[in-house]
Amino acid sequence: EGTFRRSFCRFLRAMRKPIVGGNWKSNGTVAENQVLVDALNQGEWNLKAVDVVICPTTLHIHRLQSAFKDPIKVGLQNTSATGCGAFTGEIAASQAKDFGIEWTILGHSERRRLYNDTDEVLPTKLKTAQAEGMKVIFCIGELLEERQAGRTDQVIEKQLKAAIPAISDWSRIVI
């Protein structure tokens, strides 16, 4: 199991340039966000050397899209497994694309644990996001109890094996 993980990680590192990402989770007021925007905008970001992606709450995306200097991108913390329709509270990948959003986070541990984003649901979300041309930050990882039980490699392998068949463009995935 450990060999699979090490080999896969080496493969992924060889495939793409580094990414600096920030998931703001469900935090931040307009004023607090502005402090972070100002700090990040003071940085020097070499677009050829690194991708920079910030994923604030959905409510703040519109304001932040125009607040960051290039090459900082604003992404979503989640997208739906469905398209547009009667899916209250969901954000379809096609809507994100229409809004100019390139990135989404999928599979975050909190989404897996609290909102039933399972290894059965996440491949559909991956396919849907990639079909719209989105870039995906795909999260994998074990719970504390699984780590303490020595099951880290098994958990990660299961998560990856569920996701890999759904990935159509490896250049648009960060694991």
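In which sense do strand 1 and strand 2 pair, and over how many bridges? This is a predicted model, in which local features need pLDDT of at least 70, side-chain atom pairs count only at pLDDT 80 or more, and totals for chains, interfaces and linings use all residues. Residues are numbered from 1 along each chain as its sequence is written, and side-chain values use heavy atoms, without hydrogens and water.

Select residues 19–23 and 51–55: strand 1 and strand 2 pair in the parallel sense over 5 bridges. Strands (E, at least two residues) and helices (H or I, at least four) are DSSP runs numbered from the N terminus, and pairing requires at least two DSSP bridges between two strands. Within this pair, I19 stands opposite D51.

Next, select 72–74, which is strand 3. Strand 2 pairs with strand 3 in the parallel sense over 3 bridges, and I54 stands opposite V74. The 3 strands form an open sheet in the order 1-2-3. Strand 1 and strand 3 stand at its edges with a single partner strand each, so one side of each has no neighbour in the sheet.

Finally, select T58, Q77, N78, R111 and Y115. Of the 19 residues that line the largest pocket, these are the closest to its centre. Helix 5 (residues 109–114) gives the most to this lining, with 3 residues.

Key: 1 Å grid on protein atoms, 1.4 Å probe; cavity = no way out; pocket = protein on both sides within 12 Å on 5 of 7 lines; lining within 4 Å.
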